[in-house]
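User: Hey, I'm new to this one. Could you walk me through it?

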Amino acid sequence: MLNHATNHIQTRYLQYPNPMAEDKEFRVVIPKEHYQILNFKQDELPGIAVVNKSLAEFEPKEVFVWHCSVMLQCEKLIENGMPSREEVEILDKFGDFLDDKIKGADKEKPNGLFLARITWNETRELIWRIFDPEVANDFLTDLIEREDHPRNFDYRIDEDEDWKLTEWHLKKRE
């Protein structure tokens with residue numbers, strides 16, 4: 001998930017049906033993921049966010065109106081609620097697995113766009129913008145029911161047509 005991507009935009013165009021109107025399709029350019037690392041403090045605890053800044057200018061936003069947040073519980077910790085190196089390896093591997101499955105089998109026309117990874121206060125949050133929430137919901141529900149995960153987690157998928165839930169992640173910083 002966090003391989004070093006370039007700042008270039010891929011030139012393939014994809015057709016997505018308009019979720020609001022059955023007879024309209026959107027032409028979508030899926031941007032390459034480009035990351036910015038943000039260090040922050042909240043409630044006197046340090047945090048680190050890795051944000052896909054290529055989504056800041058992404059259009060048409062109405063194709064990916066669903067906001068999917070997966071919250072993992074960290075187990076092996078060091079000071080200030082941050083994960084140990086061993087824990088980071090477990091979280092990263094599981095995060096890569098989730099990223100692959102949430103985006104879906106068709107990488108040319110993904111069901112999800114990776115937005116951010118936030119580590120803070122004994123948790124790791126992974127966030128995607130989603131095209132079809134039922135696909136992501138079915139996958140995550142099945143994973144929980146099968147108890148097939150290295151760390152406990154919960155998730156929520158919220159409709160967010162205006163991308164308001166991305167404002168902190170995508171705001172311009174110097």
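This is a predicted model: local features need pLDDT of at least 70, side-chain atom pairs count only at pLDDT 80 or more; totals for chains, interfaces and linings use all residues.

User: Where do D99 and K103 sit relative to each other in helix α1?

Analyst: They're four residues apart in helix α1, which covers residues 85-103, so about one helical turn separates D99 from K103.

User: And D99, is that buried or exposed?

Analyst: D99 is buried, because its relative accessible area is 7% and the cut-off for buried is under 20%. K103 is buried too, at 15%.

User: Which residues are linked with D99 and K103 in a network?

Analyst: E33. Salt bridges link E33, D99 and K103 in a network.

User: What about D148, which residue does it form a salt bridge with?

Analyst: That's R146, with 2.9 Å between the closest N and O atoms. D148 is partly exposed at 41% relative accessibility, and R146 is partly exposed as well, at 45%.

User: Why do side chains like that pair at all?

Analyst: Side chains of opposite charge can pair when their charged atoms come close.

User: Switching topic: how many residues of strand β6 are buried?

Analyst: Nine of its nine residues, so strand β6 (residues 112-120) is mostly covered under the cut-off for buried, which is under 20% relative accessible area.

User: And which strands does β6 pair with?

Analyst: Strand β4, residues 45-52, is one: five bridges join β4 to β6, and the two run antiparallel. For example, I48 has T119 in β6 as its bridge partner. Strand β7, residues 123-130, also pairs with β6 in the antiparallel sense, over eight bridges.

User: Can you give me a residue pair from that second one?

Analyst: L113 has R129 in β7 as its bridge partner.

User: How many residues are between the strands in the hairpin of β6 and β7?

Analyst: Two residues. In that hairpin, N121 takes a positive phi near 50°.

How values were computed: Residues are numbered from 1 along each chain as its sequence is written. Side-chain values use heavy atoms; hydrogens and water are left out. Buried means under 20% relative accessible area, exposed over 50%, partly exposed in between (1.4 Å probe, protein chains only). A salt bridge is a side-chain nitrogen of Lys or Arg within 4 Å of a carboxyl oxygen of Asp or Glu. Two strands pair if DSSP finds at least two bridges between them.
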